[in-house]
Amino acid sequence: MTAATQTSAFPRVPESADAVLAGLDPEQREVATALHGPVCVLAGAGTGKTRAITHRIAYGVRAGVLPPAGVLAVTFTNRAAGELRGRLRQLGAEGVQARTFHSAALRQLQYFWPRAVGGELPHLLDRKAALVGEAGVRTRLRLDRTELRDVTSEIEWAKVTQTVPDDYPGAAARAGRAVPRDAAEIAALFTAYEELKRERGVIDFEDVLLLTVAILQDRADIAEQVRRQYQHFVVDEYQDVSPLQQRLLELWLGERNDLCVVGDASQTIYSFTGATPDHLLDFRTRHPSATVVRLVRDYRSTPQVVHLANGLLAQAAGRAARHRLELRSQREAGPEPGYAEHADEPAEAADTARRVRDLIESGVPASEIAVLYRINAQSEVYEQALADAGVPYRLRGAERFFDRPEVREAGISLRGAARAGDNDPVLAGVRGLSARVRAVLRAGGWPAEPPAGSGAVRERWESLAALVRLAEDLERARPEATLSAFVEELAQRANAQHAPTVEGVTLASLHAAKGLEWDAVFLVGLCEGVLPISYARTPEQLEEERRLLYVGVTRARRHLRLSWSLSRTPGGRPSRRPTRFLDGLRPGSGGGPAVTARGRATAAPGGGAEPGCGPARPARRRALVRCRVCGRTLTDAGEVKLMRCEECPSELDEELYERLREWRAEQASRIGQPDFCVFTDKTLMAIAERMPDDESELRSIAGVTARKARSFGAAVLALCAGEEPVAEDADG
């Protein structure tokens with residue numbers, strides 16, 4: 001068993017503290033057994049950081065070193081906090097508090113507000129945009145929808161960096177903020193927003209942290225009470241801590257140093273919200289005696305994916321880049337990442353949907369496939385393409401699983417059936433947990449077979465199907481489990497926001513994908529102006545965009561495909577170019593062919609791997625290719641295929657070239673694929689120039705693979721000989 005083996009949904013609780021350490025690699029074990037003093041874990045993507053810190057907490061609790069109620073683990077999302085709680089429960093370390101910064105602060109604020117301030121805590125705003133809009137009216141600033149969103153973000157940034165309205169213009173200038181309006185106007189609006197909040201007796205999300213910090217700073221007695229409650233702190237994703245969160249953490253700690261932080265500066269992708277990796281990178285300066293452990297064994301991704309990820313960071317600059325971690329894959333080799341260039345976005349989306357469907361048909365679960373993009377506005381064309389292909393999907397960032405109406409209704413029905421037991425006619429004669437869950441859901445209208453296509457109906461079906469699969473997992477782990485036990489499991493998972501897996505391809509932005517992983521990942525829309533985004537101008541902003549692509553690449557376990565389109569709409573001017581971050585890494589870019597994890601060159605789009613026609617395959621090892629006309633060394637994939645410079649005189653047989661094009665169109669129509677999936681134009685040009693006499697000569701032309709030679713070789717050779725081709729069945 002590796003140190004990151006995926007386990008059952010219901011693993012057996014370790015019998016002892018020492019059993020908690022079983023299966024950890026040496027570095028993870030070092031983390032788990034470092035229970036005292038400051039600890040800094042520098043953890044690369046896929047290295048099992050969550051496993052390491054949850055086993056550290058569980059080992060400390062089970063060994064009697066860490067009192068469960070005295071441990072506070074904080075992270076940045078409800079999902080991550082729920083995962084921590086779920087894993088700790090499975091390790092027998094219940095009672096540990098695992099929360100987001102805001103959740104932990106809000107709990108303390110609600111408890112201490114009557115004592116520190118008096119009265120009830122003001123109402124917490126769900127969303128501040130409406131009030132920001134009112135502040136705009138008060139200051140006579142008309143904001144359109146985009147400006148409203150951007151000004152709201154600026155207010156949030158100012159508050160987490162502890163910047164007051166009067167200081168905002170100078171602070172924004174020093175930070176290089178791309179402000180949506182004049183900085184003085186934003187400062188005035190910021191002031192009006194704070195006035196409106198006071199008038200209405202409400203606070204916002206950032207106020208929760210600000211007010212908690214204020215109380216802990218001003219009331220030593222309250223700060224001391226909090227410190228008596230919590231003696232040990234663990235901070236996950238420490239590279240994303242804002243100055244305000246760091247200040248709160250310092251107040252929680254006081255003069256103590258029982259702190260374990262975990263992070264990776266190369267995954268800092270929230271600087272626009274005020275996050276900074278400086279707290280992580282400066283940890284040893286603030287804590288000279290700290291234990292520092294580096295996790296670099298990547299249990300998630302294949303060597304091919306890891307090679308590309310390391311290549312991305314090798315080109316990075318800046319402070320975070322100087323502290324990058326070189327990942328080492330622990331998995332068996334897999335396919336090389338594939339690259340595809342498309343004429344327009346709909347074509348890119350359609351090809352992506354087709355490949356997703358092919359993966360599902362080959363046995364990859366839909367829930368193990370993701371399509372990731374830079375901005376949410378890109379999702380629509382992929383939603384439509386997947387719907388057209390009959391592929392179920394789900395949008396990341398939609399409502400939480402246990403908040404979905406169908407899940408709540410199912411929970412009510414299951415609780416009622418559990419109370420009634422065999423007295424419920426729906427359960428009469430039904431034995432076995434999963435069979436009983438199915439019976440209850442069917443009585444509520446859930447069909448056994450999924451509805452055709454995708455959309456809301458399919459999403460509801462998949463939500464309930466996820467409950468059935470969870471019941472099957474529990475039944476396998478505990479054959480004696482009852483419906484009441486399943487209802488209790490659901491309650492605990494809902495409390496921890498530990499949702500079961502819902503079938504469906506994930507559509508998500510790169511930011512929303514942070515912390516997740518899939519067997520297959522499609523990174524789409526990778527063109528200049530999108531990634532890096534058009535408004536990223538400073539070196540720091542551009543490096544953050546590079547890190548965002550790195551996060552996307554490292555979400556993939558085995559299959560990875562990167563694509564871009566030359567135009568937004570069909571027939572549009574092909575003015576786009578692929579993202580600069582892939583220069584020198586993707587085939588045919590930079591200083592020659594990209595080098596694979598096995599040290600071989602990959603064929604460029606339009607070469608051995610046709611654009612949109614399967615993952616890039618390793619090219620045959622060969623010496624430098626020189627132009628057969630002028631002798632210049634060739635690096636462009638198209639020129640390598642022709643074995644001449646583009647501008648050098650051509651020996652093309654025009655008549656043969658046209659016959660080959662007509663034949664290709666017939667073959668593409670017959671197999672239901674685009675023309676270039678038979679041969680690209682460059683391959684046909686090379687064939688028409690060299691006019692091969694036999695299969696050996698044909699196979700020497702770049703782009704004519706063994707499979708294509710078997711499928712189309714006889715017909716191509718017949719055309720080159722001036723004969724009529726005999727129809728052959730393509731085998732691929």
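Reader: Which residues is Val 235 in contact with, leaving aside its neighbours within four places in sequence?

Author: Val 235 is in contact (heavy atoms within 4.5 Å) with Val 74, Phe 101, Val 241, Leu 249, Leu 259, Cys 260, Val 261 and Val 262. This is a predicted model, in which local features need pLDDT of at least 70 and side-chain atom pairs count only at pLDDT 80 or more, while totals for chains, interfaces and linings use all residues. Residues are numbered from 1 along each chain as its sequence is written, and side-chain values use heavy atoms, leaving out hydrogens and water.

Reader: Which residues touch the most other members of the largest nonpolar core?

Author: In soluble globular proteins, nonpolar side chains tend to be buried together. A nonpolar core joins buried (under 20% relative accessible area) Ala, Val, Leu, Ile, Met, Phe, Trp, Tyr and Cys residues through side-chain atoms within 4.5 Å. Here the largest has 37 residues, and Val 235 and Trp 252 touch the most other members. A second, separate core of 35 residues includes Leu 372, Leu 510, Val 530 and Trp 564.

Reader: At what angle do the axes of helix H10 and helix H11 cross?

Author: Two packed helices are described by the angle between their axes and the distance between the axes. The axes (lines fitted to C-alpha atoms over the stretch in contact, with angles from 0 to 180 degrees between N-to-C directions) of H10 (residues 205-218) and H11 (residues 220-229) cross at roughly 105° and come within 5 Å. Helices here are DSSP runs of H or I, at least four residues, numbered from the N terminus. Ile 215, Leu 216 and Asp 218 in H10 meet Ala 220, Ile 222, Ala 223 and Val 226 in H11.

Technical notes. Helix = DSSP H or I, 4+ residues; strand = E, 2+ residues; numbered from the N terminus. Buried < 20%, exposed > 50% of the residue type's maximum accessible area, 1.4 Å probe, protein only.
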